[in-house]
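Hi,

Here is the structure I promised to pass on. Have a look at it first, and my notes follow below.

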Protein chains: 2
Amino acid sequence: MTLAICFDDVTAAAARLRGHAHRTPVLRSATVDALTGAQVFFKAENFQRMGAFKFRGAFNALAQFSEAQRERGVIAFSSGNHAQAVALSARLLGMPSVIVMPQDAPALKVAATRGYQAGDARSEVILYDRYTQDREAIGRELAQSRGMTLIPPFDHPHVMAGQGTAALELFEQVAEQGADGADGHAVPPLDALLVCVGGGGLISGCATVAKHLNPAMQVYGVEPEAGNDTQQSLARGEIVRIATPRTIADGAQTEASGQLTFPVIQALVDGIVTVSDAELAKTMHLLAERMKIVVEPTGALAAAALLQAAPGLPDLRDQRVGVIISGGNVDLQRFAQLVSSVA
Amino acid sequence: MTLAICFDDVTAAAARLRGHAHRTPVLRSATVDALTGAQVFFKAENFQRMGAFKFRGAFNALAQFSEAQRERGVIAFSSGNHAQAVALSARLLGMPSVIVMPQDAPALKVAATRGYQAGDARSEVILYDRYTQDREAIGRELAQSRGMTLIPPFDHPHVMAGQGTAALELFEQVAEQGADGADGHAVPPLDALLVCVGGGGLISGCATVAKHLNPAMQVYGVEPEAGNDTQQSLARGEIVRIATPRTIADGAQTEASGQLTFPVIQALVDGIVTVSDAELAKTMHLLAERMKIVVEPTGALAAAALLQAAPGLPDLRDQRVGVIISGGNVDLQRFAQLVSSVA
């Protein structure tokens with residue numbers, strides 16, 4: 001079976017993103033190295049435009065619209081980072097966007113999305129009642145009546161390829177840091193890569209890059225304990241659908257992997273491990289206290305798995321480990337509560 | 001009058017720090033650019049080793065100890081970032097350190113300093129009672145009896161030169177980002193640089209670099225409103241000493257500039273402006289919410305001045321402005337309180 005994306009799709013995405021996406025920094029922490037016994041390289045996508053890696057996939061998808069598609073614009077359903085990613089990408093590319101969000105979405109997120117649409121009268125946020133209305137039907141109706149193109153949050157080859165550029169950059173930056181190091185020698189590539197998993201867009205892109213550049217690199221996904229649908233799916237050998245999980249990791253509250261992402265995960269990912277919400281809060285505290293970064297709960301999944309040595313992970317001591325920090329969009333009051341709950 | 005340091009001292013410091021200090025990232029924010037009308041480049045020294053720029057000056061000073069000095073070790077008075085900077089630098093250079101701290105210093109800071117000394121039985125934290133004991137006398141006695149070298153927190157040419165490497169790196173990185181930009185053209189240098197001021201170590205080093213590379217660059221210092229001793233000193237033309245100021249910017253609670261730092265400030269700094277504690281808290285909130293970084297109150301001084309257009313600053317709209325974020329060492333409970341107080 002042919003997978004939805006290959007390495008060249010990711011390098012092409014990187015070329016499209018050049019000058020538009022931030023080349024986010026790779027951070028090190030002596031504390032984390034000491035705690036884990038590994039050499040850890042954090043790819044800080046919380047510093048990406050609109051605060052999360054999602055910008056990469058959305059921009060890569062919208063940048064490939066035909067002239068006719070651009071004129072009609074893009075539609076997306078999301079109350080999370082994908083909404084802001086699509087709204088911002090559309091503005092940068094000069095096309096209208098319609099974002100369909102539940103009526104009870106946080107006011108802050110609605111405002112942020114509208115902020116990215118500001119100045120384009122053709123763009124709007126459409127709110128729906130998630131108890132009485134069917135968002136798929138709303139989307140289909142809008143797509144048809146307005147001729148807009150729907151971009152899903154993860155199950156799309158252009159989105160997957162765009163997300164993979166986070167790993168491509170990380171590997172480049174680790175190599176540069178090595179060449180820039182005290183001894184001036186080239187460094188060996190990473191031994192392992194840890195990536196959070198919601199619908200699988202990020203990990204499918206990242207695994208595609210990792211296994212192409214170094215088939216020996218171990219790639220592990222991390223889900224919240226309550227939302228381990230992908231872990232179950234891998235065990236079952238087919239996509240398992242679960243009820244919307246209750247977890248503070250709101251970016252990983254997906255019910256099932258995608259039709260396109262799951263085969264990539266099956267083919268290229270070495271395993272999926274899980275962490276609890278308490279471990280996420282503890283990790284957010286450590287990342288803020290020792291690394292001075294604000295990370296959203298979902299963004300802390302991969303770091304939490306490493307720091308807690310989540311069951312199922314191989315022994316990573318003395319290994320060179322990449323960890324993707326996926327985003328930093330968390331209400332600050334909520335952030336303050338979560339990190340205060342730990343100390 | 002000859003100033004205590006020159007540009008070559010800073011480049012020599014940069015060579016000593018290579019492979020030891022982090023090359024901290026330069027961060028951009030579309031939000032901040034929109035709010036200020038400027039192009040703003042944040043030098044994120046909250047990501048420096050031990051969490052603040054102070055590592056640069058301390059390491060540069062200790063790295064120049066003679067063999068005999070190294071054997072006896074270093075002594076410092078500090079309850080803040082200088083303590084951790086000296087303790088860590090001493091460990092990296094294999095020499096003992098004695099840090100003299102007030103008995104009522106936060107337990108966390110004492111523990112962090114002891115953590116950097118761990119494994120060296122010759123190193124210790126000595127606590128004194130700030131109401132009944134004279135720390136200068138303690139220091140002199142220790143320096144004499146143990147033959148240790150005292151390194152002050154700011155008023156020392158090696159410390160000043162080390163701190164200047166933060167600006168040197170910032171200018172290099174801005175130039176690299178430009179060369180790396182969409183159009184591939186070299187970028188013009190910065191038009192202005194904003195730096196927080198406590199005892200003047202950081203700004204004297206940074207101004208030395210800025211005015212050497214671009215005499216037209218405007219360099220402004222930022223003090224807390226309650227602790228504007230340097231602003232007063234510049235107005236008076238001599239060092240003014242004030243009572244220990246009450247401000248949340250604990251890194252800028254100095255009573256007076258140094259004998260070596262003040263002449264550099266007089267010669268090279270275009271002006272000093274001030275911000276209130278409320279403005280600092282507001283800025284910490286914005287830096288966390290929009291830029292996803294944890295910044296200590298003192299670390300937010302320069303950003304606050306820009307964002308609030310502090311009286312005395314020139315019009316910086318349409319200018320390219322460098323802002324030094326000096327550190328991120330703030331107790332997380334305190335941080336949570338401060339940012340929650342704003343929203």
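This is a predicted model: local features need pLDDT of at least 70, side-chain atom pairs count only at pLDDT 80 or more; totals for chains, interfaces and linings use all residues.

Strand 3 (residues 74-77) and strand 4 (residues 97-102) of chain A run parallel and are joined by four bridges. Helices (H or I, at least four residues) and strands (E, at least two) are DSSP runs, numbered from the N terminus, and two strands pair if DSSP finds at least two bridges between them. Ala76(A) has Ile99(A) as its bridge partner in strand 4 of chain A.

Residues are numbered from 1 along each chain as its sequence is written, chains are lettered from A and ligands numbered from 1 in the order in which they are written, and side-chain values use heavy atoms, with hydrogens and water left out.

Back to the sheet: it is open, with four strands in the order 5-4-3-6 (chain A) and parallel pairing. Its edge strands, each pairing on one side only, are strand 5 (124-128) and strand 6 (149-150) of chain A.

Two helices lie across these strands. Helix 5 (residues 81-92) of chain A lies across strand 3 and strand 4, at about 165° to strand 4 of chain A. Helix 7 (residues 135-146) of chain A lies across strand 3, strand 4 and strand 5, at about 175° to strand 3 of chain A. (Axes are lines fitted to C-alpha atoms, for helices over the stretch in contact, and angles run from 0 to 180 degrees between N-to-C directions; contact means heavy atoms within 4.5 Å.)

There is another open sheet, with six strands in the order 1-2-10-7-8-9 (chain A) and mixed pairing. Strand 1 (26-27) and strand 9 (271-275) of chain A are its edges. Within it, six bridges join the parallel strand 2 (residues 39-44) and strand 10 (residues 320-325) of chain A, and Lys43(A) is partnered by Ile324(A) of strand 10.

As for domains, chain A splits into domain 1 (7-52 + 156-340) and domain 2 (55-150); the bounds come from an automatic or database domain assignment. Their C-alpha centres lie 26 Å apart, and 25 residues of domain 1 are in contact with 16 residues of domain 2.

Last, a helix pair: helix 9 (residues 201-213) and helix 11 (residues 261-268) of chain A pack at about 40°, with axes 9 Å apart.

Cheers
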